[in-house]
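Biologist: I would like to learn how to read a structure that is new to me, one feature at a time. Could you take me through this one slowly, giving the general idea before each case?

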Amino acid sequence: EGVATVIAGRPNVGKSTLMNLLAGCERSIVTEYAGTTRDIVEDTVILGDVPLCLSDTAGIHITNDPVEKIGVDRARGKLREAQLVLAVFDSSQELNEEDRELISAIRDSSAIAVVNKSDLPPAIDIKYIKKHFQQIVYISALSGDGLQEMRDAVAEVL
Ligand code: GDP
Ligand code: MG
């Protein structure tokens, strides 16, 4: 079945792009619009030698859309059950309240900070991330840069 792994993060950080990179196909819908992923999309992938049962979620965020709200509740449930959390951040944006909420929600799980969009000029407060995560990897889910570092980080935390 694989290690229960959740891809978490606020809308638009690149969770679904990462899911597709790892799955090797267009598993999740990717758009420039926040709120694209509403339900959970799952796939089993082998990362390095490790089978992961990956869940791409809507992420945790505040929304008035009734369908999105259900997606966010499901994302919270998945996060609670997760054996491994890939906490995705957008390196080109400053951290916001939703990022901080995610960080406090996953304090007890084994987690890797996946600092995505590293192809863009950085704006993220990396010191804050370093304070909360032992493992940090810099990737571009769009180009695939940093995938090897992510494999190594996953092998190390499990
Ligand atoms: P999600 O809401 O977290 O699932 O984010 P998506 O995967 O749907 O991506 C949101 C937007 O960010 C899309 O326009 C993606 O093409 C873009 N994106 C995702 N990863 C990267 C990356 O590594 N670099 C850049 N420049 N854009 C990215
Ligand atoms: Mg998505």
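Predicted model: local features only at pLDDT ≥ 70, side-chain atom pairs only at ≥ 80, totals over all residues.

Biologist: What does the radius of gyration say about the protein?

Modeller: The radius of gyration is taken over C-alpha atoms, and the globule rule to set beside it is 2.2 Å times the number of residues to the power 0.38. For 158 residues a compact globule would have a value near 15 Å, and the protein, at 14 Å, agrees with this. Along its principal axes the C-alpha trace spans about 40 × 35 × 30 Å.

Biologist: How do strand 2 and strand 3 pair?

Modeller: Two strands pair if DSSP finds at least two bridges between them. Strand 2 (residues 41–47) and strand 3 run antiparallel and are joined by seven bridges, with Val 45 having Leu 52 of strand 3 as its bridge partner. The two strands form a hairpin with two residues between them, and Gly 48 in the turn has a positive phi of about 65 degrees. On the other hand, strand 1 pairs with strand 3 (residues 50–56) in the parallel sense, over five bridges, and there Ala 4 stands opposite Cys 53.

Biologist: How many residues of helix 1 are buried?

Modeller: A residue is buried if 20 or more other C-beta atoms lie within 10 Å of its own, exposed if 12 or fewer, and partly exposed in between, with C-beta atoms placed from the backbone. Of the 158 residues of the protein, 40% count as buried. Helix 1 is mostly covered, since eight of its nine residues are buried, among them Lys 15, Leu 18 and Leu 22. The buried residues of helix 1 pack against strand 1, strand 2, strand 3, strand 4, strand 5 and helix 5 (147–157), where a contact means that the C-beta atoms of two residues, placed from the backbone, lie within 7 Å.

Biologist: Where do the buried residues of helix 5 fall, seen down its axis?

Modeller: An α-helix has 3.6 residues a turn, so residues three or four places apart point the same way. In helix 5 the buried residues are Met 150, Ala 153 and Val 154. Seen down the axis, they fall within an arc of 100 degrees (the arc of the directions from the helix axis to the C-beta atoms), so they line one face of helix 5. The face turned away from that buried side carries the exposed residues Gln 148, Asp 152, Ala 155 and Glu 156. What covers the buried residues of helix 5 includes strand 2, strand 3, strand 5 and strand 6 (135–138).

Biologist: Which residues are buried in helix 3?

Modeller: In helix 3 (residues 97–105) they are Asp 99, Leu 102 and Ile 103. Down the axis of helix 3 these buried residues also keep within an arc of 100 degrees, so they line one face of the helix. Exposed Glu 97 and Ser 104 sit on the face turned away from the buried side of helix 3.

Biologist: Where is Asn 12 found, and is it buried or exposed?

Modeller: Asn 12 is found in the loop between strand 1 and helix 1, and it has a positive phi of about 75 degrees although it is not a glycine. Asn 12 is buried, with 20 other C-beta atoms within 10 Å. Lys 117 also has a positive phi, near 60 degrees, in a residue other than glycine, and it is found in the loop between strand 5 (110–116) and helix 4. Lys 117 counts as buried, with 24 C-beta neighbours inside 10 Å.

Biologist: Which residues come nearest to ligand 1?

Modeller: A residue is near a molecule if its C-beta atom, placed from the backbone, lies within 6 Å of it. Of the 20 residues around ligand 1, Gly 14, Lys 15, Ser 16, Thr 17 and Leu 142 come nearest. Helix 1 (residues 15–23) gives the largest share of this shell, three residues.

Technical notes
Residues numbered from 1 in each chain as written. Chains lettered and ligands numbered in written order. Helix = DSSP H or I, 4+ residues; strand = E, 2+ residues; numbered from the N terminus.
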